[in-house]
Amino acid sequence: MHGVFIENGLSDWQILQHKNGSAEITLSGTYLVPKAAIKQGVASAQPMARIMSEDDNVQIIPWTDAEYETDDTVNSGSWSIRMTVPAGGLYRVETGLKVVSTLPNVQWTFRGDTRLHFGVGDVFMIAGQSNSAGYGKDTAFDPPQLGVHLYRNRHAWDIASHPMNESGFGADAPNAEMGVSGVSPYLAFGKRFSALSHYPVGLIATAMGGMPMKRWNPDGGPLYKNMLAQAKACGPIAGVLWYQGCSDTNERRAPEYKEKYYQFIDAFRRDLGYPVTFFTFQLNRQING
């Protein structure tokens with residue numbers, strides 16, 4: 001195989017958090033000139049990249065030369081590029097290798113890796129217990145929608161669809177469900193928010209059914225550590241959607257809940273490095289049963 005290889009940076013289906021209407025992406029990897037061109041003679045090889053709109057195939061960012069370092073010859077090396085992408089999408093990244101021959105007036109552009117279906121918009125983390133994980137079992141007309149994507153427990157971006165807290169390929173995840181999860185309210189949230197913002201929405205699954213506040217303890221709680229790791233893997237986020245509390249509604253735990261929740265928020269903001277917003281949801285009071 002020859003051309004440009006993307007080895008670090010963006011994933012297919014990824015949503016990046018915008019800041020003031022744009023986001024920076026950094027890509028890097030290696031490149032290799034094909035043997036047929038080497039046989040003809042190579043004067044220079046320039047890796048490059050561009051951003052395309054998947055809606056209409058319009059160039060959002062035209063071909064841009066990457067920074068690169070050669071190996072022993074001009075025929076291979078490493079490269080990196082940083083681009084500022086406007087909020088919106090869905091987009092794709094295309095890469096190519098512009099090669100100038102030692103022959104007069106001969107130049108080729110060879111293939112490169114792509115990254116597909118990514119967008120720049122708003123990213124929210126789903127945290128809490130069953131109402132966040134999605135335990136709804138009723139019929140719900142709530143189909144997937146391009147531009148509303150999910151970072152799943154398997155540590156990969158995908159189009160968002162139910163069940164959003166499924167544990168396929170991620171059975172060892174700290175928030176892997178013991179049973180079969182169902183319908184979540186947050187796919188509908190993502191679609192509604194995207195309709196209002198006119199930007200793509202990314203969701204990150206970190207919830208787990210039945211888990212009390214102590215499992216989110218910043219001092220060693222496995223769900224807290226997983227939540228922090230998932231947030232760092234996805235880059236900046238707009239906010240945390242927190243829907244939890246059922247497991248703490250007894251005479252011993254309830255009086256401590258507010259203090260523990262505030263400690264949890266303060267620790268997450270500190271460990272993340274910026275003051276992320278928390279949106280707190282609460283169940284109706286139950287007085288019978």
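The legends below describe close-up views of a predicted model. Residues are numbered from 1 along each chain as its sequence is written, and side-chain values use heavy atoms, with hydrogens and water left out. Because the model is predicted, local features need pLDDT of at least 70 and side-chain atom pairs count only at pLDDT 80 or more, while totals for chains, interfaces and linings use all residues.

**View 1. Asp142 and its side-chain partners**. Asp142 lies in the loop between helix H2 (130-133) and strand E11 (148-151); helices (H or I, at least four residues) and strands (E, at least two) are DSSP runs, numbered from the N terminus. Asp142 counts as buried because its relative accessibility is 14%, where buried means under 20% relative accessible area, exposed over 50%, and partly exposed in between (1.4 Å probe, protein chains only). The side chain of Asp142 makes polar contacts with the side chain of His162 (2.7 Å) and with that of Lys191 (2.8 Å). A polar contact is a pair of N or O atoms within 3.5 Å; within protein, one must be able to donate a hydrogen and the other to accept it, and residues adjacent in sequence count only if both atoms are side-chain atoms.

**View 2. The cis peptide bond from His162 to Pro163**. This bond has omega near -5°, and Pro163 is found in the loop between strand E12 (157-159) and helix H3 (186-197).

**View 3. Asn105, a residue with positive phi**. Although Asn105 is not a glycine, its phi is positive, at about 60°. Asn105 is exposed, since its relative accessible area is 84%.
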